[in-house]
Amino acid sequence: MPQDKPRTLFDKVWDSHVVERLPDGTCVLYIDRHLVHEVTSPQAFDGLRTAGRRVRRPEATLAVVDHNIPTSDRSQGIAEEESRIQVETLESNVAAFGVPYFPVLDPRQGIVHIVGPEQGVSLPGMTIVCGDSHTSTHGALGALAFGIGTSEVEHVLATQTLLQKPAKNMLVRVDGTLPPGCSAKDIVLAIIGRIGTAGGNGHVIEFGGETIRALDMAGRMTVCNMAIEAGARAGLIAPDETTFAYIDGRPFAPHGAAFDAAVAHWRTLPSDADAVYDRVVTLDAAEIAPMVTWGTSPEAVLPITGTVPNPADEPDEARRAQLQRMVEYMGLIPGQKLTELVVDVVFVGSCTNGRIEDIRVVAQLVQGRRVAPGVRAMVVPGSGLVKQQAEAEGLDRILRDAGFEWREAGCSMCLGMNPDKLTPGQRCASTSNRNFEGRQGPGGRTHLLSPAMAAAAAVTGHLTDVRELV
Amino acid sequence: MDAFTTLTAIAAPLPMANVDTDKIIPARFLKTIKRTGLGANLFDTLRYEADGRERPDFVLNQEPYRRAQILIAYENFGCGSSREHAPWALLDFGIRCVIAPDFADIFHNNTFKNGILPIRLPRELCDLLMQDARLGDNARLTVDLAAQVVVRPNGAKVHFEIDPFRKHLLLNGLDDIGQTLQHAAKIDSYEARQRQEKSWQPGIAI
Ligand code: SF4
């Protein structure tokens, strides 16, 4: 093992989880935590059953329901048949295989990537996987966390390992002071705008620099959450005092002397000062503005002060056709100001921005204001505990008084597998992470932005530069 | 998983970059608890009108491409979610091979697990194969995995690279879990070591 040469955070976590290195460089990689949800697991459990295999380490596994479930009253069960079957299938699988599980009426239930950190299940230095691409979120704690397909879910259930080759190292450094009105979401959208949706392919991105260091854990999770939208296998942020303070006291984290021993280990994880990266990208935080996507790829992003691009200006033919399609699908006119775009729906939630910190920002901005006429605005907390916390702080009242819907925890309109969907042609200001065609419902038009920008759009009824409101 | 050795089949041109997993199979079709049956909704929004009629201009609605088993596309194919429903939908439709300049990582992994061969070729070569795929009834390519070549309709051969371990699994139709379980003793001793070294790391019990 290359212990003598300086190593990155990724190298250290990787090296310490290699069970076996095969001759061609493929590694049997040990997995510390496996998060499971209802959509990508039924076929995996089925595979185990067919092969007569058991779950190797149920105590390293945690299951939740999040993608399918309604976010309105759930005491009567799930009305939609297919969603109900998928949830029931998970429930019978976790019972049969002895996997720990937060059912829908448990206050700890929520979006898998909110629940893991919140419960202290996700810890620094771990390998964490889930049948979901936004597993990259947990990298904010300094864990190597990545999404896998259902065959790999089965592989981890059966063996607690994966067959993987190491990724390349990329460092994205952000230095300087973030301007007012900007947040972690604007940072990560600016990064994706710079490197593109394939910019991180084959790499793990470590986010560093003083601007990243200054973020709280919620902001760090927002940044790592969207590493996958830059094509990266995972996002990582070195654990530090902010991380340790966040973890301390969480239910499944180590406590007392064990916590101290853990912290001593976690302090060894950050990249060595002279570690070498395959690629380095630097950003000046001072140049970041509130960002909004205009097209159907997260890289189609601009400062809110921008205008809709003209596809005719693009020299490359394939790229021009793609831009043209985006402009048409999104119902835009080249040259149009982004602030002129009238929204029908505002969605605050998802594993990108469904944490208490995000809800506080929205409540603060809309306090004493009203959702614009004709706009449907909703806040969907990332977990039942986030919801409880917000209610304890009186945020639900502020939001309801302003005209927001206040809902139960789940993925909701992030991908519209439950009843929360856009209808064709509807325009949505969304704090989620994907603006692909039809992502929030067939024909729906998504503009990705920060919680503050979503709040601003809700009260004015169009995309708005939040700096004009504060 | 079915082995992949050689395949001679119609290749369909899909000259788009960043074909995301929501395009390959939209979220509303992920509610199945099976792996099969998704082919009917492959590329659903590109393939059908809102009322369910086929869009005649979409390539897989045209002859002979309804029978295509090879797909030629552009950069970053399969970006987006980890849903294995994307390769399941391709496979269920009949696609066994996708050729593109590059693929998103998770999708790339997922194809191998389902006996689908993803081939990375430089953009210029993808452009040539894209032209071949426009030849209608003559849009036939042969993919020979053992020899690592794609044979064009004019007989010319295009070489491609592939990870040797993955090639071995695919050629023999081997599943990964069986391979990994050969290292079961190593996994046991790794776990025993971890229990000592990271005794502070708790398990999850509810
Ligand atoms: S909130 Fe959205 S991105 Fe996050 S896990 Fe749910 S569906 Fe995926």
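Okay, let's start at the interface: between chain A and chain B, 29 residue pairs are in polar contact, both partners at pLDDT 80 or more. Polar contact here is a pair of N or O atoms within 3.5 Å; within protein, one must be able to donate a hydrogen and the other to accept it, and residues adjacent in sequence count only if both atoms are side-chain atoms. On the side of chain A that touches chain B, the largest share, seven residues, comes from helix α5 (residues 150–159) of chain A. That side of chain A splits into 32 nonpolar, 27 polar and 21 charged residues. Nonpolar is Ala, Val, Leu, Ile, Met, Phe, Trp, Tyr, Cys and Pro, charged is Asp, Glu, Lys and Arg, and the others, Gly among them, go down as polar.

Quick housekeeping. This is a predicted model, where local features need pLDDT of at least 70 and side-chain atom pairs count only at pLDDT 80 or more, while totals for chains, interfaces and linings use all residues. Residues are numbered from 1 along each chain as its sequence is written, chains are lettered from A in the order in which they are written, and side-chain values use heavy atoms, with hydrogens and water left out.

Back to the interface. Chain A puts in 80 residues and chain B 57, with contact meaning heavy atoms within 4.5 Å. About 5600 Å² is buried between chain A and chain B, 57% of it on carbon and sulfur atoms; that's accessible area (1.4 Å probe) lost on putting the two parts together, summed over both.

Now, salt bridges: a side-chain nitrogen of Lys or Arg within 4 Å of a carboxyl oxygen of Asp or Glu. How many cross the interface of chain A and chain B? Nine, and one pairs Arg56(A) with Asp188(B), 2.7 Å from N to O. Over all chains, the whole structure has 44. One of them joins Arg84(A) and Glu88(A) at 3.6 Å, N to O. Those two, Arg84(A) and Glu88(A), sit four residues apart in helix α3 (residues 81–97) of chain A, about one turn of the helix. Helices are DSSP runs (H or I, at least four residues), strands likewise (E, at least two), numbered from the N terminus.

Glu63(B) and Pro64(B) are joined by a cis peptide bond, omega about 0 degrees, and Pro64(B) is in the loop between α2 (44–47) and β2 (70–73) of chain B. Then there's Ser350(A), not a glycine, yet with a positive phi of about 85 degrees; Ser350(A) is in helix α12 (residues 350–353) of chain A.
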